[in-house]
Structure formats: C-alpha cells, structure tokens
Amino acid sequence: MTLRELEYLVALAKYRHFGRAAEACLVSQPTLSTQIRKLEAELGTPLVERDSRSFMLTAFGKDAAERAKRILIDVQQLKNAALLNQNQELGTLRLGAFPTLGPYFLPHVVPQVHERFPQLEILLSEEKSGVLLSRLRSGELDAALLALPVESDQLQVEFLFEEPFLLAVPKKHPLVDPAGISMEDLSRYDLMLLEEGHCLREHALDVCRLSGAGQKSSFQATSLETLRLMVGANVGITLLPMLATIGPIMSSDQIRLLKFNDGNPKRRIGLCWRKSSPTGPLLKQLAEMFRATAQQLLREESHPGGLTRD
C-alpha cells in the first residue's frame, strides 16, 4: 500500500467520477482504476461497487477513504513540521478566510507576507465560517481568519482588530445626513441581509435587535457585492463592514455610507490555529502583521463626520 494509492482513493471519494479523479491526480483514468483495484486486492475487500455504467463506494470504501484522508493530512503535517523545524519560513501555509472578509483584507496583507517570507507558500481558501472551523479542526487548514468569539479548547485564538459597520443607503435616502445616524434611526426600516450561513448575517441581526430594525424577508443576498448593487439600485439599505468599502470596491456614486454616532456596531476578527500546530511561532508573526495592516487601513478610512462617501 502506497500513499499515492491512498490519494487516488480520496480523490475518487471526493469527485465520485473516475475521469475527474484521475484528472485531479494528474494520471490517466486506466492508471487510477488499476491502482484502485490493486488497493482492493491488498486490503482483500471491495472499495468500489461497479456496474457497466456507474460505480459507488462500498460502505468499507467510504470508511477507508476517510481513514486515507486523515493519513494523508498527517503525512503532510509531518512534512511541514520537518521543514518548519529547519526554518520557520519554509513550507506551505494553508490559510482560510470567510467571504465577507477575505476579498477585502487578504489583498492588502498577502503581498506583505510574500515580501517578508519569500520562501513560504500560502494556499488560500474562502469558505463560510462553519466550514473553516471544521477544516481547521480536521487539519485541512493551518489557520483561519474568523469572526470572534470562537469557542474551542483545541484552538489558539489571536485577536487582531475590531471592524466597524457602516450603513449603506441609496444616494437620496432620507437617512443621508453629514452629522451621522443613531441606532434608533434604523427602527423604521428593514435591512437587506446575507443568506443563512454567513457570520455577517448574525452580526446584522444583532444590530436589528438592538435598533428595532427589521429584516427584508423578501430578499437574501449571496454576497456583499450583491448587497452593494441592490443598494445602488435603490432596492434597500444594508450594513457593510468598513474594509469592504475601501478603494475602488465602492466606486458607485449612487451609494452613501453612514457612520453611527452611537451603539458602535462592529465585529471582532481573530486568527485561529490548532494549539498543537508546529506553525504556531510563525502564525504569531503573521498575526502581528495582520493586526498592524488592519489598524492602518481602518485608521486611514476613518474620517470625521457621518457621511463617508460623497
């Protein structure tokens, strides 16, 4: 039994198609099929139930694929640990971020990481927070940027920064006021929110509960970009995290971003990794870089007054 054969089995379980699994493993389909049969012969029991047109993993095949996945993760961690034992700046770092943060923060920090650690390979993953936590605990990720609090005895949580929320409204909305707005001002309105599974949705619902605002039940967005476009089209109002409003992202002249004079709605962001991870010292350094960059971005974006876009 070889690690390569285990990789073929894991790929087959993931893609559920011999051709796609072979393509992912960079081998021909006959090669992958032959190696799976070889693995079955060595284990002495079928992994795949086949007929003339399709296949499915047997119950044992599914269990074996899960075991193989854990073995491959352990092997990769062993390799990374060996590299990091030689030099903390070598190896591969698998970093996750959730969709309402990653696109707006990572482009500012990843180039700095490449400059500071030129031999460190960073593999980025963007998933909803629940998926990131699962992948972090299973060893598929080395670290993840997550909204706090994160409750887990297995994870090291390094607080990075607090990110304020801004209220995005159409250009001629009644709430537009250079002096800013209060939480109470929202009580007469319904907010457009993201769909279930986004941590930002939960933060927005907290603001709704505190302010007395409602949620626009007829519409749930899949992304911040969708929310932004709907505001620009005068469909409704929403909350946006400040980092998502920086630079060309908010180029529309049909949107006004308003700051709150009270309540201080915000989210707390942290970098999380397993306490047992050999990359801990390196991640501490990255956390410092992330913290400094975020604070600079938020400081530059914070202007006096309530109206943040003309």
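A search of the whole structure, a predicted model, finds 3 aromatic pairs. Rings of Phe, Tyr and Trp (its six-membered ring) pair if their centres lie within 6.5 Å; planes under 30 degrees apart count as stacked, over 60 as edge-to-face and the rest as tilted. Two of these pairs involve Phe-105 and are listed here.

| Pair | Centre to centre | Angle between planes | Class |
|---|---|---|---|
| Phe-105 and Phe-161 | 5.4 Å | 50° | tilted |
| Phe-105 and Phe-290 | 6.0 Å | 80° | edge-to-face |

Both pairs link distant parts of the chain. Phe-105 lies in helix H5 (residues 102-116) and Phe-161 in strand S6 (residues 155-170), 56 residues apart. Phe-290 belongs to helix H9 (residues 280-301), 185 residues from Phe-105. Helices (H or I, at least four residues) and strands (E, at least two) are DSSP runs, numbered from the N terminus.

Phe-105, Phe-161 and Phe-290 form one aromatic cluster.

On the surface, Met-1, Leu-43 and Phe-60 form a nonpolar patch with about 270 Å² of accessible area together. Patch residues have over 30% relative accessible area and no salt bridge, and nonpolar side chains (Val, Leu, Ile, Met, Phe, Trp, Tyr) are joined within 5 Å. A salt bridge is a side-chain nitrogen of Lys or Arg within 4 Å of a carboxyl oxygen of Asp or Glu. Met-1 sits in the segment before helix H1 (3-15).

Residues are numbered from 1 along each chain as its sequence is written, and side-chain values use heavy atoms, with hydrogens and water left out. In this predicted model, local features need pLDDT of at least 70, side-chain atom pairs count only at pLDDT 80 or more, and totals for chains, interfaces and linings use all residues.

Terms used. Patches are made of residues with over 30% relative accessible area and no salt bridge: like charges are joined within 9 Å, nonpolar side chains (Val, Leu, Ile, Met, Phe, Trp, Tyr) within 5 Å. Accessible areas come from the Shrake-Rupley method with a 1.4 Å probe; for residues, only the protein chains shown count as cover.
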